[in-house]
Number of protein chains: 2
Amino acid sequence: MSMQLNKTHDAGRRSWIESANAADCPFPIQNLPFGVFRPRGRSGTARGGIAIGDAVLDISACTAAFEGLAHAAAISCSVSDLNGLMSLGPEAWSALRHQLSDLLSVDNKRGRDVLSPCLFDLNGADMHVPAKVHNFTDFFASIDHATNAGRLFRPNQPLLPNYKYVPVAYNGRSSSIVVSGTAIRRPRGQIMPSGAVEPTFGPCRQLDYEVELGIYLGAKTDLGEPVRIDNAWDHVFGFCVLNDWSARDIQSWEYQPLGPFLGKTFATSVSPWIVTAEALLPFRVPVIERANGDPAPLPHLYSEVDQLEGGLDVTLECSIQSREMRSRGSSRVRLSRGSTRMLYWTPAQMVAHQTSNGCNLEVGDLLGSGTVSGPTSDSLGSLLEITRRGANPLDLHGELREFLADGDDIEIIGSCRREGFASIGFGACTGTIEPVAPLAETSATTRSVPA
Amino acid sequence: MSMQLNKTHDAGRRSWIESANAADCPFPIQNLPFGVFRPRGRSGTARGGIAIGDAVLDISACTAAFEGLAHAAAISCSVSDLNGLMSLGPEAWSALRHQLSDLLSVDNKRGRDVLSPCLFDLNGADMHVPAKVHNFTDFFASIDHATNAGRLFRPNQPLLPNYKYVPVAYNGRSSSIVVSGTAIRRPRGQIMPSGAVEPTFGPCRQLDYEVELGIYLGAKTDLGEPVRIDNAWDHVFGFCVLNDWSARDIQSWEYQPLGPFLGKTFATSVSPWIVTAEALLPFRVPVIERANGDPAPLPHLYSEVDQLEGGLDVTLECSIQSREMRSRGSSRVRLSRGSTRMLYWTPAQMVAHQTSNGCNLEVGDLLGSGTVSGPTSDSLGSLLEITRRGANPLDLHGELREFLADGDDIEIIGSCRREGFASIGFGACTGTIEPVAPLAETSATTRSVPA
């Protein structure tokens, strides 16, 4: 299935939900992102909804409004994860989106009658992680990030020889994926302080964030069946903003030779709304221009279409507010503003790479782009890069930061703009650092097996 | 909950299922491993069972035989995964095991009457992966394997400085976990041939196996709540044999700097039966003696009890049979025989480490021990080590092997023996290498977004 720009992208389309028509609204009728919500303070289970203006539409409460494939898709939204919807595939996703767009259009009287009773206040909705994620893969697709991070460890060879051939990635941990707004507890871990001869176990001192784009996959595949790059988008349900919290000191001691583990597995935050691949069609861009001498992608990672329109232009803006700033009422300080258009690898290349060895996709799989950094100093997606691992502390109205302090709140906001099209937003992915937990006492136990 | 040796371990106990009393039976009444099966050729869903002698007991077909916690546990076995049973925790696991042991005892007339109609032929049962595994962690706990593998890449520093402090591990891929007997298709991947200047994409030429012990966890934890080493066994449901198939050529080109990915994610095989932690109590052993100058485990990885009885003595025997050997009727050739008693890290240390940063456990989590190798040349758990990455090919009755060839069948068998106790077995974990899949043709697609 190949998607085309269509009436759902029409910049002139407006909704009978007036708040969706405001110029700065992240959720206009051209967006229609999916999430899982529960009206705050009410009983009942969480279920699937879409954000429109300042409202959430409870899709499964108005299934009678939909027909055909869209009807089946709407029914699948009655549970507390979108995996059922994701499993239906791109035709069903698109059918539901098209009928939603029509029903929400300003002149659709029937839509107003049928959907109005199913609207909830967006600000009064508790949001959940929108899918059961069983497999989380984190890529390393920003060449600027790879270079910046590499330079700190290998000044003479910042970029490893495989980088321009392999969309480098590692398996992440899915159990600790949390929704935006969840407090992030500072982890403990083994740390080898500079100059020490033995590691110690204690609170992380180099806590960091990573600004990423998340990619949700639907439409599972069978083991042994690679996805060709030309078909990769059929598996892409949509996108979110992702914060890959990182404990740099834990990671740097543990990561040889098998890669990051406890430095990452304590938490990964995702924004609650999944912006569909179809909604993002107007914001597809060519892949970044390769430098002179850069190799062409190997054949399984190459398609002309992907080179021409396989990139995405999602702006990711990251800001911080410390506890002191909050108590003083100081506004947030921007840390970076970058775009996924600078990524070296496209979503389709990531999907093709992930499955190239026959690895199967499951519904709800999540891919992270890796930290999105750009070539300029105001587009660096982690404190590691901004402070050069603490060497150049950041000044927050007098408070210095090498890494994150307790009480710091990190917010990442995603958005897309293009001349001639309605701007759409992802909403925010936020998290505030909580102090390390008190250490539980160790209770004595007795031996149970006779010698 | 601390487990004690009890009547279920009594070597004198015999079953009214005569085949379970044979001296070489892997599934005597002292074992009672759990699996998920479906009688071959019959309709109906797969469900939980235990292996006893040459039979499988369909637990959910005889729930009336059980009382109290064991009754709830038996009911949880009616579905196609053991996650429900695993979620009930160690008291329920033990209660079900005790009542099963009593009901299957030779003089239990009621047991014979009630359970007999619920028995199926073990050889006529199709076995499934016994749990929904959402998180798979692969450790690196054999110091001999770490040293052998390290020597091939870093002759001057085979063991990295963190090894004796950190139970090194990485996140595995759960989607491609398959049950014993599933054919393993040779993967394709990016490979940088020795001396080449550019990588190629093609069939893996260094396909390997890894002999491992698998550890299934039950009883989930909350994010931010580390498991203390003294409580770690409360989360260990049981053990299996695991083959961490590895594409060495893909892995060595991709793995810097984020660790193994496509070199591993194409398949991981598990034996169908989960031998419970309680059944393995008689085979607990002290941790291996540390070398002079080795550091003590950091406090969160240390308990006296764990040092004294936290190891396990499971013998893992690996053998090969090539297609030619099968056609000639030649018997299998043993590749190695090692024991998990040689591991540097214990299961409790793995659980404590995994959760030490607050990472939560989910029901059905699977931990791999990492390749189990010993210090002798006949106890090396991978071809990488046996052939020194192909430098010393293996001679199979005249066929040479640097790595696995199409048609090769690998079998790993687990077993435990101890004077004064009944021997118990894990059964086998097998897999035969299938040729690489034909390459799908690339279909042309058109651009969908206007420039």
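Reply: We begin with secondary structure: helices (H or I, at least four residues) and strands (E, at least two) are DSSP runs, numbered from the N terminus. The model is a predicted one, in which local features need pLDDT of at least 70 and side-chain atom pairs count only at pLDDT 80 or more, while totals for chains, interfaces and linings use all residues. Residues are numbered from 1 along each chain as its sequence is written, chains are lettered from A and ligands numbered from 1 in the order in which they are written, and side-chain values use heavy atoms, with hydrogens and water left out.

Me: Which residue does a cis peptide bond join to A:Gln256, and where does A:Pro257 lie?

Reply: The cis bond joins A:Gln256 to A:Pro257, with omega about 0°. A:Pro257 belongs to the loop between helix H6 (248–254) and strand S16 (268–270) of chain A. In chain B, a cis peptide bond joins B:Gln256 and B:Pro257.

Me: Is A:Leu32 buried or exposed?

Reply: Buried means under 20% relative accessible area, exposed over 50%, and partly exposed in between (1.4 Å probe, protein chains only). A:Leu32 has 1% relative accessibility, so it counts as buried. A:Leu32 is not a glycine, yet has a positive phi of about 60°; its place is the segment before strand S1 (34–39) of chain A. B:His397 also is not a glycine and has a positive phi, of about 50°, but B:His397 is exposed, at 52% relative accessible area.

Me: What rotation superposes chain A on chain B?

Reply: Copies are superposed by least squares on the C-alpha atoms of residues with pLDDT of at least 70 in both. Here the rotation is 180°, with 0.0 Å of shift along its axis and an RMSD of 0.0 Å. That is the relation of a two-fold axis. In chain A, the C-alpha nearest the axis belongs to A:Gly259, at 2.1 Å.

Me: How many residues of chain A are in contact with chain B, and how many salt bridges does the rule find across the interface?

Reply: Contact means heavy atoms within 4.5 Å. By that rule, 78 residues of chain A touch 78 residues of chain B. Of the interface residues of chain A, 99% are also interface residues in chain B, so the copies meet through the same surface. A salt bridge is a side-chain nitrogen of Lys or Arg within 4 Å of a carboxyl oxygen of Asp or Glu. The interface has two salt bridges, including one between B:Asp365 and A:Arg173, whose closest N and O atoms are 2.7 Å apart.
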